[in-house]
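Morning, everyone. One structure today, and I'll keep it short. Please have a look at the fold first.

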Amino acid sequence: MISIALFQPDIPQNTAATIRLCACLNSTLEIIEPCGFQFDEKRLKNIYMDYYKKCKIIRHQSFEDFIKSKKNKRIILLTTKAKKIYHNFNFKKDDTILFGRESAGVPDFVHETVEERLKIPISKNTRSLNIVTSISIVLSEALRQNNYSNI
């Protein structure tokens, strides 16, 4: 199953919307802490509604813990700094697609650790898409490539 990972997310509304998205698309969500907000059900509940219980969520205390859990699995970072475009990439069923902090992306050591870096092409006079929009675009393509219809 393709997983989505969030590196130290800092906007609770985006994390809650990602929980809902992963529940609807049957994908695991991995949270790499520390978060930039108090991660608790009460704070996020208005956005994810009842989807929290329908989403498999794995919390990692650090990036190192996350990496240890990914033995023999690819980690693909979505970043505006990549050269490869997501729809030209061949996703595998056990890939983990990693997204950085909304405010700052990921530090250099994360770029150096991951196997692949991809981007979503956007207009030159813009900076980036909302993270949940980016996750939706890339996760949909990864699921399409892997003939995922078990929803």
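Start with helix 1, residues 12-24. Helix 1 lies across strand 1 (3-7), strand 2 (28-32) and strand 3. Against strand 2, helix 1 runs at about 155°. Keep in mind that this is a predicted model.

Now helix 5, residues 131-145.

In what order do the seven strands come? The order is 3-2-1-6-4-7-5, in an open sheet with parallel pairing. Strand 3 (57-60) and strand 5 (84-85) stand at the edges. Each has a single partner strand, so one side of each is left without a neighbour in the sheet.

One pairing in detail. Strand 4 covers residues 75-78, and strand 7 covers residues 116-119. The two run parallel, joined by three bridges. Look at leucine 77: opposite this residue, in strand 7, stands arginine 117.

On to the space. The largest pocket holds about 710 Å³. Its lining counts 27 residues. Which of them lie nearest the centre? Those are Leu78, Thr79, Thr80, Arg127 and Ser128. Two elements give two or more residues to this lining: strand 4 and helix 5.

What is the lining made of, by residue class? There are 10 nonpolar residues, 11 polar and six charged.

Notes
Residues numbered from 1 in each chain as written. Predicted model: local features only at pLDDT ≥ 70, side-chain atom pairs only at ≥ 80, totals over all residues. Heavy atoms only, no water. Pairing = 2+ DSSP bridges. Helix = DSSP H or I, 4+ residues; strand = E, 2+ residues; numbered from the N terminus. Contact = heavy atoms within 4.5 Å. Axes fitted to C-alpha atoms, helices over the stretch in contact; angles between N-to-C directions. 1 Å grid on protein atoms, 1.4 Å probe; cavity = no way out; pocket = protein on both sides within 12 Å on 5 of 7 lines; lining within 4 Å. Points joined across faces, edges and corners; volume = space filled by probe spheres on them. Nonpolar A, V, L, I, M, F, W, Y, C, P; charged D, E, K, R; others polar.
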